[in-house]
Amino acid sequence: MMSAGIFSQVRLLHRRRDALRCTIHEGDKIMSFTTTRRAALVGTASLFAIGGRAMAQAAPITFGALPPLTGAGGPYGPAMLRAIQGVVAEANEAGGVRGRPIRLVFEDDQTNPDAGVRGARKLIDVDRVQALMGTWASSVTTGVAPLCWENRVPLFTVSGADSITLLPHQGYIFRTQPNSRLQIATGADYLIRQGARRVFHLAAQSPFAQSSQDTLVEKFRAAGGQVAGYIVYERDKTAFRSEVDQLLRARPDTVFLNGYLPDVTILLRELFRAGFEGRRFTPAYAVNANTFATLPNEVTNGVITWQPSPDEASPAFTRLKTRFGATEVDPYSAQTHDHATLAILAAAQALAGGAVPDAQLGTAIRDNVRRISQGSGESVSSVAAGLAAINAGRAVNFDGASGPVSFDERGDIQGTKFRYEQADGGRFRLLELI
Amino acid sequence: MADWRDLAQIALNGLFAGSMLMLPAIGFTCIFAVLRYPNFAVAGFATVGAFAGWLANAQFGLPAALALLAAFLAAGAIGLLAEELALKPLRPAGPLTVAIASVALTILLENMVRFAFGNDLRGYDLPILRDWRFDGIRVSPQQVENSLYAGAATASLFALLAFTRLGRAMRAVADNPTLADIKGVDPDRIARVTVFIGAGLAGFGGMLIGLDTSIDPLTGFRVVLSVFAAAVVGGLGSIPGAALGAMVVGVGEELAGVVLEPAYRTVTAFLAILLVLMFRPSGLLGARN
C-alpha cells in the first residue's frame, strides 16, 4: 500500500516535470527558435523568420543554454533562460552575426550534475553548439566543464566555487560571478576603507572558512591592521556565549560574521547582549528580512551587509529590466544576459577577420571574448549596438547588466560591483554600490 | 585563560547551558524509568513545545510564563498522542524497536512543524536585554530568568513525585511494574501520565532554549545528543541524575572550548557518554542494574 503510494507520487512528480518542459518548449517555438534536432535537418530552406524578418540564407550559429529549470536552482533558471532568449532575439533582429542567424538550444540541468552532464553531451554532440552558457550550481559546472574544454566549447557560468576556474580549462571557462575569494577580499577592502584595523573573524564551519581567514589576514596585514581573532564555530549550536566572550577579550573594532542565517541571528543577539559596540559585517545571505522579523530593530540596527550586485545603473540592466517587466531581474539573469551577449559579440569579432570553420569557432570565440569585453574599444551596452560597431570595423568594449564584464587570465570576473547596505529600523539602507 | 574570571565565566555559561538541557533530559529519563525505552522523540517534543509557546507568546500575546505552560501542555498532548498511536503498538517488539520508531517519530514531528510554520527562524516577542556585569563577568538576565523557570519546573516535578499519590504510583511502577500492578496501580494509566509529563517537560525545555536563542524546526534536534548524554551521564531513569548530568554536560561542553577548537565542542557529549559507559555504566546517580 505504502510503497504503491510513494511510487504514484514519484510518477506524478515526473509528469509535472514533463509538463513544465512542454510549456517551455512551446514557448520556445512561439519565439520561433527552432528546437533541437529538427533544425539540423532544415538546413537553409526553412530557416525561421525571426522577429518577422527573413534571415539570410546562411547556416546558423548554435549556442546552448543549460540553466537549472528545476531543482534547487529552479527559482532562477527560467528567468536566466529568458534573459538569454531575449539577447538572441535581439541579435537576430539586428541581422545576426555576419548574416548568420543565432540558434539557441537549451536543456534543463535540473541542478544536478548527472542531468547537467547528460544535457551538455546532447548539446555538444547532437546540436553541435559553439558555446555553452548559464550553468548555475558549482557541482554542475564542475561536471560540465571538462566536456566543454575537451570539445573546445567555451562555457559561461554563474557558479561561485573557487575551484572551478582552477581547473585546467585552457581558457574555456568564463565566470561572471565573483568567486568566494574575491568576495571576501572586496569585503575586507571595504572594512579597511571604513577604518577597521582589528577585525575578529567568526566563521561557521564551511569549506570557505579557512580560505576566508587567509584572505582576511593578507588584506589586514597589508593595511597595517590585524585579524585579532579567528574562531570556527559549529553551526548547530544554540548558544555562542563562550565564543562571544573570546571575541570581547580580543577587543576588536569590527566583527566579521562569516556564517549563515540561523547562527548569525543568534550571534547578533548575543553580541547585543554583551554590549559589543563595534562594527558588525556579514554577507547579505546571512541577514535578511527574516532576521528583522526575528530580532528587535535595536539588535540589528547598524549591521552592514555586502554582496556582489548587478550594475543597476547600467544601460544594459535598465533595458533588461524593461524587457522583464514585472519580473524582478536577479543577479543570475543579469549574468546570463551578459553570457549570451559576450558569446555573440565574440563570434562576430572572430568572423570579422574572415571565415572560420565551424569546428574552430568555439576556440575563436574563446580567443575573442576579452577583445570585445575589455580594453579601450567603444563602450557598448547591447548586443545590437555591439554587432553594428563590429560590422563597421570598430573595436568594442561590452559593459553588461551584471557589470563591466572583464575577465582575468583564469576566466574570473573582475570589477563586479558590490552592494553595501546597513540595517536601519528593520530595513536595509543602501550605503554604497561600487 | 590565566584570569579566574575567565574560568568563572565559563563555569557560569556552562551552568546556564546545563539548565537548558535539564528539562528535556529529565523528560527523557522519566519516560525511560517507567517504559524502559529511550524515547528520542524528545527532540520533536521540544520543537513542538517551542512552536506552541511561540504561538502563545508572539501570536496571542501571552507573557512568557503562560506561554511556557502552553508549551508544556501542547508538547505533552502531542507526546501522549504519538505514544498511543505510534509507539505503544510496538512495545511488544522490544525496546530497540520502540527506540528506532522514536527516531522516526522525531523526524516526522520536525517535518510537520516545518510544514505548518516553514523553515524560517522565529523569535519570541520579548525584549532583548543587555547583560549584567559583575566585576567583568557577564550574566544575561534572560538566562537567569530561564534558569529560574527550569528550576521551578524541576521543583514541581519533585514535589509531584514526593508528595502526591500519583507521584508515589509513578515511582512504584518505575521501581517494579509487576508489584505495582498487584498493588492495584494501573501501569497503563501511569505510563500515559509519565509520557505526558516527560514530553511536556521536553516541550517546556524546548521553549526555554528558544527564549534564549530563536526557534526553527531543528531546535530540538540540535540538542538531542547533549540531552541524551546528560541522561546517560546522570544514570538513565534517575531524575536527580538527569539534572546533575545536564549540568556536567553543560559545563563540560563549555570547558572543552578552552582546550578544543569550538568546532569540536560536540565531541564532549560523546566523550561524556563514552567515559560513563566505560567506568560507571549505571551513571553518576543511577542505581539500577
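**Exercise 1.** How many residues does the contact take from chain B, and how many from chain A? Work out also which helices of chain B supply at least two residues each of the side that touches chain A.

*Solution.* The structure is a predicted model, and two residues are taken to be in contact if their C-beta atoms, placed from the backbone, lie within 7 Å. On that criterion the contact draws 29 residues from chain B and 27 residues from chain A. Turning to the elements of chain B, at least two residues of the side touching chain A come from each of α1 (4-35), α8 (187-212), α9 (219-234) and α10 (239-259), and the largest share, 4 residues, belongs to α1(B). Sorted by class, this side of chain B holds 10 nonpolar, 8 polar and 11 charged residues.

**Exercise 2.** Describe how domain 1 and domain 2 of chain A are placed and joined by contacts.

*Solution.* Begin with the bounds, which the domain assignment of chain A gives as 19-179 + 313-414 for domain 1 and 181-310 + 417-433 for domain 2. The C-alpha centres of these two domains of chain A are 36 Å apart. Next, 12 residues of domain 1 of chain A are in contact with 8 residues of domain 2 of chain A, and the side contributed by domain 1 divides into 6 nonpolar, 4 polar and 2 charged residues.

**Exercise 3.** In which sense do strands β15 and β16 of chain A pair?

*Solution.* Strand β15 (residues 417-423) and strand β16 (residues 428-433) of chain A pair in the antiparallel sense, over 5 bridges.

Definitions and conventions: Residues numbered from 1 in each chain as written. Chains lettered and ligands numbered in written order. Predicted model: local features only at pLDDT ≥ 70, side-chain atom pairs only at ≥ 80, totals over all residues. Nonpolar A, V, L, I, M, F, W, Y, C, P; charged D, E, K, R; others polar. Pairing = 2+ DSSP bridges. Domains from an automatic or database assignment.
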